[in-house]
Amino acid sequence: MSFRIAVSVLALTLLPLAGSTLAQAEDSAEKAKAVKEEGGKYLDADGNPTYKIENGTVDWYTFSGYRRYHSDCHVCHGQDGTGSSYAPALANSLKNIDYPTFLSIVAQGRKNTGSGKENVMPAFGDNKNVYCYMDDLYVYLRARADGVAPRGRPPKHEDKAQAAKDAEKSCMGG
């Protein structure tokens with residue numbers, strides 16, 4: 001089974017669960033607090049990917065998410081997730097979108113119609129430059145949504161963990 005299909009199946013499987021959490025309270029830096037670390041990746045109390053930013057140094061995944069966001073997402077969603085006339089500010093949207101919903105939207109795309117206009121988020125389930133880094137994108141945008149990652153390129157970041165190198169090599173087919 002290809003990775004794209006696996007991500008889509010996972011997203012579809014988790015989507016019913018996401019519907020019950022969309023009405024949840026806004027995400028916050030407190031909810032996103034890293035309580036566990038696995039191979040350089042930080043997880044919150046619910047096991048979702050999260051950021052770790054200390055003394056101006058961001059974790060590798062937040063930095064990678066910044067790079068990936070500005071490679072593939074900022075054209076529509078604006079610099080640093082601040083939105084544009086065409087697409088919403090993801091730095092605001094992620095306050096109320098949980099991890100499974102984020103995965104589903106990125107993998108499968110989404111079509112919004114309202115206020116007399118139609119916006120289409122394309123599916124990125126086939127784009128390795130996106131789907132191999134969905135956790136990174138989520139972590140970066142979550143940090144922006146929680147107000148802990150400033151605009152612009154993070155000045156300092158942790159080194160890339162071996163687990164991140166291995167995952168990238170496996171996903172990209174290298």
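Me: In β8, what is the bridge partner of Val58?
Reply: This is a predicted model, where local features need pLDDT of at least 70, side-chain atom pairs count only at pLDDT 80 or more, and totals for chains, interfaces and linings use all residues. Residues are numbered from 1 along each chain as its sequence is written, and side-chain values use heavy atoms, with hydrogens and water left out. Helices (H or I, at least four residues) and strands (E, at least two) are DSSP runs, numbered from the N terminus. Look in β8, and the bridge partner of Val58 is His157.

Me: Do β5 and β8 run parallel or antiparallel?
Reply: Two strands pair if DSSP finds at least two bridges between them. Strand β5 (residues 57-58) has two bridges to β8, and the two run parallel.

Me: How are α2 and α7 placed relative to each other?
Reply: Axes are lines fitted to C-alpha atoms, for helices over the stretch in contact, and angles run from 0 to 180 degrees between N-to-C directions. Helix α2 (residues 60-72) and helix α7 (residues 134-145) pack at about 95°, their axes 7 Å apart. Angles under 35 degrees count as roughly parallel, over 145 as roughly antiparallel, 65 to 115 as roughly perpendicular and the rest as oblique. That's why α2 and α7 are roughly perpendicular.

Me: How many charged residues are in the contact of α2 with α7?
Reply: Contact means heavy atoms within 4.5 Å, and among the residues that meet are Tyr61 and Arg68 in α2 and Asp136 and Leu137 in α7. Ala, Val, Leu, Ile, Met, Phe, Trp, Tyr, Cys and Pro count as nonpolar, Asp, Glu, Lys and Arg as charged, and the others, Gly among them, as polar. The contact has eight nonpolar residues and four polar ones, and the charged ones number two.

Me: How many residues apart in sequence are the parts tied together by Cys132 and Cys171?
Reply: A disulfide is a pair of cysteine sulfur atoms within 2.5 Å, and those of Cys132 and Cys171 are 1.9 Å apart. Cys132 lies in the loop between α6 (128-131) and α7 while Cys171 is in helix α8 (residues 162-172), so the parts are apart in sequence by 39 residues.

Me: Is Cys73 buried or exposed?
Reply: Buried means under 20% relative accessible area, exposed over 50%, partly exposed in between (1.4 Å probe, protein chains only). Cys76 is partly exposed at 31%. Cys73 has a relative accessible area of 15%, so it counts as buried.
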